[in-house]
Amino acid sequence: MSRSRPGLAKLTRPRLRGAVARERLFKLIDDARERPVIWIAGPPGAGKTTLVASYLDARKTPSIWYQMDSADSDPATFFYYLRQPVNSIRVAAAKPLLLLTPAYLQNLPGFSRRFFRDLFDRLTDKFVLVFDNFQEVATDSAVQNVIESVIEEIPNGANLLLVSREGPPPRFARAIANGLVATLGWAQLRLTREETQAIVLARTSLDSAAIEALHQR
């Protein structure tokens with residue numbers, strides 16, 4: 001199975017420079033992966049995106065990264081872009097994923113389940129599908145319902161990881177009660193004193209290296 005990823009920023013995992021490995025949180029994510037969905041919520045600047053990207057790097061976890069924006073509140077836009085990285089994963093005899101056309105809109109939950117079932121069939125074990133900035137999707141958007149309806153399609157070993165400034169909305173209450181959603185919030189994301197010191201040291205080291213490079217020019 002080979003991969004060729006499109007260069008769109010919304011489909012590209014963030015590049016990290018000098019990120020400190022937060023092993024305390026990595027272990028929490030390891031434990032949370034026993035459930036199909038992981039929801040990481042915290043205020044702006046809490047380090048959510050850096051945490052997830054550095055975790056995937058550290059664990060060498062295959063993944064697809066999807067950067068949500070307000071346009072993704074439209075299901076047609078959401079599925080159009082999500083098809084691109086998945087269709088680039090070449091599997092023998094696999095057909096391209098379905099495109100959401102007007103004919104499918106009358107049964108969006110059925111289309112969504114079929115789409116994600118085919119999506120996960122193409123992916124390796126322990127694969128993670130990341131939706132970053134999920135708060136950008138309008139609360140009344142059909143895409144919110146899509147995510148809720150496909151939770152049970154996620155196979156064992158794979159995960160859907162949602163990164164948001166907000167916690168799960170009420171429509172996810174049943175999935176949470178059924179033990180399908182693990183949550184990490186600000187209480188866990190908050191830096192410990194040791195982590196703060198490590199980040200300061202890392203940034204100081206990077207700044208010193210940059211200054212030295214300038215002097216050598």
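Which side chain does the side chain of Asn-159 make a polar contact with? That partner is the side chain of Arg-33, at 2.7 Å. Keep in mind as you look around that this is a predicted model. The notes below start with that contact, then turn to the aromatic rings and the pockets.

- Asn-159 belongs to strand β4, which covers residues 159–164.
- With a relative accessibility of 1%, Asn-159 falls under the 20% cut-off and therefore counts as buried.
- Besides touching Arg-33, the Asn-159 side chain gets to the backbone oxygen of Arg-35, at 2.7 Å.
- Arg-22 sits in the segment before α1 (23–32).
- Arg-22 is also on the buried list, because its relative accessibility is 9% and the limit is 20%.
- What does the side chain of Arg-22 reach at 2.7 Å? Look for the backbone oxygen of Leu-189.

**Aromatic rings**

- If you search the whole structure, 14 aromatic pairs turn up.
- One of them is Phe-79 with Phe-116, an edge-to-face pair with 6.3 Å from centre to centre and 70 degrees between the planes.
- This pair ties together distant parts of the chain: Phe-79 is in helix α3 (residues 75–87) and Phe-116 is in helix α4 (residues 108–121), 37 residues apart.
- Are Phe-79 and Phe-116 buried or exposed? Both are buried.
- Tyr-80 and Tyr-81 pair up as well, with ring centres 5.2 Å apart; their planes meet at 80 degrees, over the 60-degree mark, so this pair is edge-to-face.
- Tyr-80 has a relative accessible area of 43%, between the 20% and 50% limits, so Tyr-80 counts as partly exposed.
- Tyr-81 is partly exposed too, because its value of 26% falls between those limits.

**The largest pocket**

- The volume of the largest pocket comes to about 370 Å³.
- How many residues line the largest pocket? There are 18, and Val-20, Gly-47, Thr-50, Ile-199 and Arg-203 lie nearest its centre.
- Three helices, α2 (48–59), α7 (186–189) and α8 (193–215), each put at least two residues into this lining.
- Among the contributors, α2 gives the most, with three residues.
- By type, the lining of the largest pocket splits into nine nonpolar, five polar and four charged residues.

**The second largest pocket**

- The second largest pocket has a volume of about 170 Å³.
- Its lining includes Arg-113, Glu-148, Glu-152, Glu-153, Arg-171 and Arg-174.
- Ser-149, Ile-151, Ala-175, Asn-178 and Leu-180 line this pocket as well.
- Which elements give two or more residues to the lining of the second largest pocket? They are α5 (142–150) and α6 (173–177).
- Sorted by type, the lining of the second largest pocket has three nonpolar, two polar and six charged residues.

Conventions:
Residues numbered from 1 in each chain as written. Heavy atoms only, no water. Phe/Tyr/Trp six-rings, centres within 6.5 Å; stacked < 30°, edge-to-face > 60°. Helix = DSSP H or I, 4+ residues; strand = E, 2+ residues; numbered from the N terminus. Buried < 20%, exposed > 50% of the residue type's maximum accessible area, 1.4 Å probe, protein only. 1 Å grid on protein atoms, 1.4 Å probe; cavity = no way out; pocket = protein on both sides within 12 Å on 5 of 7 lines; lining within 4 Å. Points joined across faces, edges and corners; volume = space filled by probe spheres on them. Nonpolar A, V, L, I, M, F, W, Y, C, P; charged D, E, K, R; others polar. Polar contact = N/O pair within 3.5 Å; in protein donor to acceptor, adjacent residues only side chain to side chain.
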